[in-house]
Amino acid sequence: MTKRSGSSPRPTAGRPDGSTNDQRLLDTRGPSDWVHTDPWRVLKIQAEFVEGFNDLAEIGPAISVFGSARTPAGHRSYEMGVKVGAALAQAGFAVITGGGPGAMEAANKGAAEAGGQSIGLGIELPWEASLNPYVTFGLNFRYFFVRKTMFVKYAQGYVVLPGGLGTLDELFEAMTLVQTQKITQFPIVLMGVEHWSGLIAWMRQSMLSDARIKESDLDMLTLTDDVDEVVDLMVKARDAR
Ligand SMILES: C/C(=C\CNc1ncnc2c1ncn2[C@@H]1O[C@H](COP(=O)(O)O)[C@@H](O)[C@H]1O)CO
């Protein structure tokens with residue numbers, strides 16, 4: 001692309017040395033450091049958004065399910081993930097996870113085995129990471145923040161199973177988006193009463209009593225181990241849209 005100003009004629013050769021843009025593109029080999037610069041990264045980020053939006057636009061009502069990458073198969077939380085994934089699929093929701101192991105795999109397993117859409121949004125990590133075998137439609141992202149946009153944009157609510165730092169990051173991002181009304185009618189369910197009770201108690205005792213949050217901020221969370229209650233809540237929110 002060239003810029004023109006005034007009425008000066010459009011140049012036909014791009015450089016005083018007479019070389020053309022095509023020549024410089026096709027006929028030269030130079031240093032490749034520039035592909036690792038921030039302006040070039042912006043294009044990769046843009047491409048990732050475009051591909052994500054394009055590939056997820058048609059998925060229909062969906063719920064994102066989060067939870068620890070380290071939850072082993074057979075654990076109570078894993079079984080809960082399988083059950084909620086299946087129940088959400090049976091209620092007509094696509095299930096979106098991070099596509100990894102543990103609780104993500106559990107929710108994908110439940111959704112896939114119930115015949116639903118089981119979506120995995122994987123992330124490039126320093127170690128080799130592949131999508132779990134229960135993902136029926138998967139995308140892999142380079143950038144966490146692009147992937148997190150997809151979790152929110154294409155879900156009508158979140159189910160959060162017991163987890164660690166990644167899970168808390170996803171939970172608190174959603175809570176902040178609801179608090180600031182960036183997203184509305186967005187149920188957030190914490191499954192694993194034993195796991196989450198301490199965090200909620202701390203938020204109440206520390207954040208709420210110091211007026212750093214309001215009671216209504218805590219009201220946005222539903223704490224339950226009851227799969228039927230989770231699905232009812234999500235269905236009611238879907239019907240209210
Ligand atoms: C730990 C191992 C692999 C991690 N692989 C992941 N793949 C996909 N998504 C992941 C992974 N790790 C974290 N995430 C995201 O964060 C949440 C889980 O984080 P936590 O710290 O385990 O709670 C999860 O919802 C993902 O979106 C090797 O087994």
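Guide: Leaving aside residues up to four places away in sequence, G120 touches T97, G98, G99, N108, L131, N132, V135 and G138. All of this is read from a predicted model, not from an experiment. G120 lies in strand β3. Is G120 buried or exposed? It is buried, because 25 other C-beta atoms lie within 10 Å and the cut-off for buried is 20 or more. One of its contacts is N132; the two residues are twelve apart along the chain, and their C-alpha atoms are separated by 8.0 Å.

The ligand is surrounded by 20 residues, and the closest are G98, G100, G163, G164 and G166. The strand that holds G120, β3, covers residues 118–123, and both β3 and α6 (165–179) supply at least two residues of this shell. The largest share comes from α6, with four residues. By type, the shell has eight nonpolar residues, ten polar ones and two charged ones.

Helix α3 runs over residues 76–90, and its 15 residues should span 21 Å at 1.5 Å a residue; the end C-alpha atoms are 21 Å apart, so expectation and model agree. Eleven of the 15 residues of α3 are buried: S77, Y78, M80, G81, V82, V84, G85, A86, A87, L88 and A89. In an α-helix there are 3.6 residues a turn, so residues three or four places apart point the same way. What do the buried residues of α3 pack against? Their partners are the strands β1 (62–66), β2 (94–97), β5 (158–160) and β6 (188–191), together with the helices α4 (103–113) and α9 (227–240). After α3 comes G92, which has a positive phi near 95°.

For contrast, take I59, in the loop between α2 (38–56) and β1. I59 counts as partly exposed, because it has 15 C-beta neighbours inside 10 Å. Not counting residues up to four places away in sequence, it touches A94, Q117, I119 and Y154. Between I59 and P162 there are 103 residues of sequence separation and 26 Å of space, C-alpha to C-alpha.

Finally, the whole chain. It has nine helices and seven strands. Its radius of gyration is 23 Å, whereas a compact globule of 241 residues would have one near 18 Å. Along the principal axes, the C-alpha atoms fill a box of roughly 70 × 45 × 35 Å. Buried residues, such as G120, make up 31% of the chain. Of the contacts between residues at least 6 apart in sequence, 67% join residues at least 24 apart.

Key:
Residues numbered from 1 in each chain as written. Predicted model: local features only at pLDDT ≥ 70, side-chain atom pairs only at ≥ 80, totals over all residues. Expected span 1.5 Å × (residues − 1). Buried ≥ 20, exposed ≤ 12 C-beta atoms within 10 Å, placed from the backbone. Contact = placed C-beta atoms within 7 Å. Near = placed C-beta within 6 Å. Nonpolar A, V, L, I, M, F, W, Y, C, P; charged D, E, K, R; others polar. Rg over C-alpha atoms; globule rule 2.2 N^0.38 Å.
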